[in-house]
Amino acid sequence: MQEMRTINVTVAISGALLVLVGNPAAHGDRAALLGPSQSSSTGHEQRPFGDPSVADLDEVIQEYCVRCHNNRRLRGNLSLEDFSVGMAAEFAPTSEKMIMKLRVGMMPPPGVLRPSADTLLTLVETLEQTVDAAGQTRRTPGSRVFQRLNRPEYERSILDLLGLEIDPAQYLPSDTKSANFDNIADVQMLSPTLMAAYLNAASEIASLAVGDPTAGTKETTYRIPRLSSQRDRVEGAPYGSRAGVSVTHNFPADGTYDFRMTFHYSPEGFLFGRNEPGEQVEVSVNGERVALMPIDRFWSEGDPGGKGLILETGPIPVRAGPQRISAVFVPTERGPVDDLFSAHGHSIPETQIGIGYGINTPPHMRDLVIKGPGMVTGVSETPIRRRIFTCRPTQADETRPCAEEIVSRLATRAYRRPLSDVELDGLMDFYEAGAGEAGFEMGIRSALEATLASPHFVFRFEEIPEDAVAGEVYRISDSDLASRLSFFLWGAPPDDELRAVANDGNLSDTEVLLTQARRMLADPRAEALGTRFAAQWLRLSDLKELDPDVVLFPDYALQLADAMQRETELFFYGLVRDDRPILELITTDYTYLNEVLAEHYGITGVYGEEFRRVQYPTDRRRGILGHGSVLAQTSLANRTSPVNRGKWVSEVILGAPPPPPPPDVPSLDQTNVAEQGRLLTTRERLEMHRENPSCNSCHRLIDPIGLALDNFDVTGRWRIRENGTTVDVSSVMYNGTPLASPADLREALMAMPIPILRNFTVNLMAYALGRRVEYYDMPQVRTIVADAEVEEYRVSAFVLGVIESDAFRMRQVPATLESTESDIGLGLERQEMIR
Amino acid sequence: MKLITGMHLPRRTFLRGVGAAVALPLLDSMIPAGRLGAQTSKALDKPRLIAIENSHGAAGSNAWGASENLWAPAAVGRDFDLAPSALLPLEPYRDKLAIVSNTDVRMAEAFAPKEIGADHFRSSAVFLTQAHPRQTEGSAVFVGTSMDQLFAQRFGQETPIPSMQLCIENVDQAGGCGYGYACVYTDTISWASPDEPLPMIRDPRAAFDQLFGAGGTAEERARRRRSHTSILDWVTGEVSRLMATLPSEDQARVDRYLENVRELERRLQGIEAQNSSGAARELPGAPAGVPDSYTEHMHLMFDLQTLAFESDVTRVFSLKMSRDVSGRVFPETGVPTGYHSQSHATGETGVRDFYEINKYHVGLLPYLLDRLSDSMEGDASLLDKTMILYGSPMGDGNLHNHRRVPFIVLGGGNGQLNGGLHVKAPDGTPMANVMLALLHQLGLDDLDSFGDSTGAFSITSPKVLP
């Protein structure tokens with residue numbers, strides 16, 4: 001009885017809808033359902049709401065959705081029992097969840113009765129139009145608390161202000177992420193630990209920048225990570241050298257410094273690599289040799305006085321400021337390697353092999369310690385000091401004006417806005433105190449220390465108009481807008497030009513704003529969109545979590561992982577710089593490689609450490625899904641993970657995260673590794689795992705996507721066999737598309753551009769705004785995507801679309817504190833479950 | 001300085017003496033003899049607290065693992081056999097070990113359908129609070145005040161730094177956290193108040209600088225303290241001028257900032273007071289940053305804790321050993337699978353491998369116990385004065401359950417703890433009951449309840465013995 005009715009209604013509805021749609025040709029097939037046509041361009045908006053079709057659509061929801069999403073079963077924590085399409089705007093948070101799942105075609109799930117494609121398309125478009133129409137009248141730019149400088153922003157701000165390179169991880173605790181990004185204001189919690197960290201950083205940096213003739217002896221250690229290959233020269237080191245360290249070290253004063261190096265050793269305490277005779281270590285300052293020391297092959301940890309495995313230069317004079325220090329091996333002259341073993345990329349898989357005869361493994365450095373200064377002779381000029389001391393008082397009455405000039409210029413840049421007289425006076429008090437203690441330079445150093453510790457530097461306050469009332473929407477000030485713009489595009493504070501435009505009060509003018517934005521996009525500093533935005537969106541930092549099995553993947557070294565990350569950053573920045581359509585992310589037939597990575601991918605003819613654009617010789621790799629960074633970060637130490645790869649594509653590219661695994665599911669690693677004496681492939685083990693029906697209901701959404709990429713091994717190298725068995729990548733995607741290769745997967749993704757484009761926009765907006773994108777932002781997101789169509793979805797259309805949006809340029813005065821809390825944002829999608 | 005021999009750990013990365021100085025506020029001779037354990041002398045005896053969390057439960061909390069006694073020994077009372085247990089490495093410190101088995105951390109369970117499956121993104125916040133975190137991705141986080149902070153807030157004001165939070169694994173996971181929970185719930189175990197998470201420091205160097213001051217020499221440290229004092233003083237004025245120009249939500253945030261400023265001022269004054277009253281002692285050089293090796297990292301953190309206790313800079317530490325869902329492989333165990341994967345192991349071999357990881361983790365503790373017992377303060381060792389909690393809010397890592405979780409208490413707890421004891425709580429006893437009793441023993445004897453406690457469950461009480 002119940003079933004009969006269902007079928008009848010389905011037929012009736014699809015008939016009715018075909019009439020309503022008006023242009024069946026455009027929607028007659030699946031491709032059109034998922035195609036790029038925007039709701040605004042289909043002519044649907046002419047259909048008045050309240051049309052009988054809304055009731056029909058409600059019936060579709062009751063028939064197809066409510067069977068799982070009802071008050072009792074609450075699948076995905078969602079009940080649609082009381083939902084009505086006509087009320088879609090009132091139910092906006094729910095509507096947005098439905099829109100997302102419908103657009104990626106994940107609902108209704110595979111294996112259950114689905115309405116026709118046309119019906120689903122009409123449903124999702126009607127939902128979008130209803131919500132968007134209401135959004136026109138009830139729009140809000142949203143609100144967030146002020147941001148603080150996170151580690152990378154702090155690092156860039158110091159570099160821009162002083163020309164000083166620092167490692168922020170030395171001072172600041174790690175940043176809390178939310179919705180992919182490290183700049184989301186409301187999770188940037190404050191604490192005494194954090195404040196103490198900013199204070200310590202301010203003191204240290206002011207002292208390094210100005211120089212410190214009274215500096216006490218200190219030790220700085222540069223550690224060489226164990227996963228780092230010590231086979232080849234390191235970047236920045238003299239040519240012809242091998243391994244070691246090459247760093248820019250900031251010396252606080254002219255004086256003598258000791259350089260001490262320690263070396264890896266075997267479990268028995270002998271020098272690792274002791275079979276390689278005649279190795280020497282060279283220490284150089286800015287490429288000039290200051291010490292050359294032989295390595296004693298017979299060193300042992302147990303040598304008297306703890307003198308083994310250590311090289312010390314003794315005091316060496318070095319001038320203040322940043323200097324390039326290299327401590328490297330001078331390799332012995334060797335004939336052609338005639339060895340049964342080729343040198344692996346991962347050159348220290350374990351320490352025992354370094355002492356076994358028959359294996360030519362050279363010694364490996366563990367760390368370099370720079371200790372000093374001793375015997376300080378003064379502080380000579382450095383590029384940083386020249387930048388700070390733009391004037392020098394030659395007589396007493398010039399002192400204060402010169403100090404004021406310096407302090408005011410530095411603070412204006414540091415605060416990213418003009419300085420008030422009161423503020424300058426406050427900083428000059430620090431100058432006077434310091435100058436009274438130890439003269440002019442100490443005065444400047446004290447004022448700089450205060451500037452860097454000031455909340456105006458560390459926080460990005462955004463002022464509110466004086467007469468603003470609760471709930472009111474207002475434009476943020478020009479200087480606040482300038483900061484938003486430059487931290488978005490450059491990950492850095494505004495430059496002189498941008499600050500000048502803001503100071504003149506012109507930046508709120510849309511044309512001026514867009515002109516500045518275009519200028520900044522064309523500037524090389526926009527590379528931050530690759531290194532900051534894309535790196536976080538695409539989760540590149542997960543690469544460092546991978547520590548592949550050294551026996552299976554002996555060539556995986558840190559340098560390779562770094563090259564993979566760099567490849568993706570450069571690739572994304574290339575799309576920005578050349579203003580390419582964003583969907584090329586999936587399809588490009590080129591990438592950016594250096595020798596290490598090209599060799600890894602099996603591409604010949606690429607030499608040297610510089611990255612360059614390289615055409616793929618075959619169609620195995622295309623776009624981001626061929627990048628080692630993506631393939632390796634989703635792998636485990638000893639096998640690929642189609643589940644992780646499928647999850648990555650769903651979450652990161654489509655914006656449709658799969659549900660969490662329920663507890664009490666045996667992990668894949670618990671399935672048999674071998675059967676009848678044969679090692680099983682990852683796929684075979686996965687299939688055993690999926691025999692459990694409760695697992696399969698989710699995994700059928702995830703795994704096929706990942707399986708299509710299973711020709712790429714743990715490290716992203718192409719393979720056709722796994723454990724001796726041919727890799728079988730064929731599967732069927734959740735929407736019925738057969739997949740038999742990475743190319744098929746790319747095609748399947750390109751057939752549904754809308755969710756990809758919207759998800760990209762959501763991420764770009766969250767990063768630009770420093771807050772999670774909420775349901776009430778989605779009409780704006782859809783507008784940006786729709787408007788980008790005429791621009792062929794070029795990157796600039798999205799970037800400028802975000803910049804032009806109200807959310808970027810305006811802010812709403814919160815009605816009460818509580819109202820800023822949104823538990824119903826899109827963020828909650830992460831925990832929605834499809835079963 | 002302790003030298004490690006025979007283990008081939010990279011000895012040079014450990015804290016080494018370079019001759020800087022820090023004040024020692026209380027000379028050993030100033031402590032009256034025989035006061036240890038006396039109720040009246042708590043403040044003088046300076047109890048210390050270290051709370052250590054491990055995220056993925058234990059093999060012994062699995063039904064089969066429990067039957068094999070992979071965590072809790074078979075016998076209760078004093079005559080227990082550690083041989084099959086992951087606690088075996090603690091055998092030499094048996095008389096400082098109290099095992100409390102069969103308690104539950106039910107506040108980590110899902111309360112609503114939308115919380116199901118998200119245990120990993122919630123349970124770390126529960127360990128020391130025994131409260132149920134509010135599900136939010138934003139700033140409206142809410143759980144409870146953690147027990148280390150209750151103790152620090154009561155007694156921590158006597159030291160320059162009331163408490164310090166440390167972690168071993170990187171917390172900034174790509175993509176953020178999941179299932180509707182803000183990352184702070186996974187990032188930290190210490191909560192100054194239900195809405196005030198405290199960040200944990202991973203870099204031993206940064207922890208050293210916060211504890212003892214940055215700067216190579218005593219003069220440099222002193223100069224920095226002076227400039228920090230005047231900067232903090234000035235900042236208060238700067239911010240109050242700014243207040244009027246900010247929206248109310250921002251003002252609330254600035255208020256919290258000002259509280260932090262005042263707290264830092266108090267700490268600086270505390271250090272000055274210590275310096276003017278005490279004698280200087282040698283301070284080893286600062287550690288060199290985050291080491292590659294897990295063992296080495298843990299040892300450095302233990303060195304720092306011992307050093308901080310010795311110089312009485314702080315008396316409270318919390319330490320997070322791992323991050324939920326961490327795939328870290330521990331080569332020392334010979335188990336090739338990542339930590340999280342292995343916690344989902346079923347079948348005897350898999351659970352055994354997980355047990356190996358548990359045993360490796362527990363095996364790191366004797367280093368701390370050695371250091372503390374070697375350090376005398378008055379007529380007692382620091383180990384006698386310290387209470388060390390070690391446990392997990394997770395029980396069976398595969399089921400994601402929070403019942404019968406691993407939990408042990410080490411050290412003399414300032415004379416309050418009897419070691420050499422295995423206490424099995426009645427079924428359904430909240431871990432909060434044990435923590436409440438421990439808080440009472442630490443001097444917070446006026447506390448009526450803690451987290452979801454239903455009463456105090458004392459692990460020294462003879463009536464629970466068979």
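The secondary structure of chain B consists of 14 helices and 13 strands, where helices (H or I, at least four residues) and strands (E, at least two) are DSSP runs numbered from the N terminus. This is a predicted model, in which local features need pLDDT of at least 70 and side-chain atom pairs count only at pLDDT 80 or more, while totals for chains, interfaces and linings use all residues. Residues are numbered from 1 along each chain as its sequence is written, and chains are lettered from A and ligands numbered from 1 in the order in which they are written.

Of the 466 residues in chain B, 58% are buried, a residue being buried if 20 or more other C-beta atoms, placed from the backbone, lie within 10 Å of its own, exposed if 12 or fewer, and partly exposed in between.

The contact between the chains draws on 82 residues from chain A and 83 residues from chain B, with two residues in contact if their C-beta atoms, placed from the backbone, lie within 7 Å. On the side of chain A that touches chain B, two or more residues come from each of α7 (192-210), β2 (218-223) and α11 (440-453) of chain A, and α7(A) gives the most, with 10 residues.

Within chain A, the axes of α7(A) and α11(A) come within 8 Å and cross at roughly 145 degrees; axes are lines fitted to C-alpha atoms, for helices over the stretch in contact, and angles run from 0 to 180 degrees between N-to-C directions. Among the residues that meet in this pair are A:Tyr198 and A:Leu199 of α7(A) and A:Glu441 and A:Ile444 of α11(A).

Chain A also holds an open sheet of four strands in the order β3-β9-β5-β6, with antiparallel pairing, where two strands pair if DSSP finds at least two bridges between them. Its edge strands are β3 (242-251) and β6 of chain A, each pairing on one side only, and the twist averages 15 degrees from one strand to the next. Two of the pairings are set out below.

| Strand pair | Sense | Bridges |
|---|---|---|
| β5(A) (280-285) and β6(A) | antiparallel | six bridges |
| β3(A) and β9(A) (321-330) | antiparallel | eight bridges |

A:Gln280 has A:Pro294 in β6(A) as its bridge partner, and A:Phe251 has A:Gly321 in β9(A). The hairpin of β5(A) and β6(A) has two residues between the strands, and A:Asn286 takes a positive phi near 50 degrees there. Strand β6(A) (residues 288-294) is hardly covered, as the count of buried residues among its seven residues is zero.
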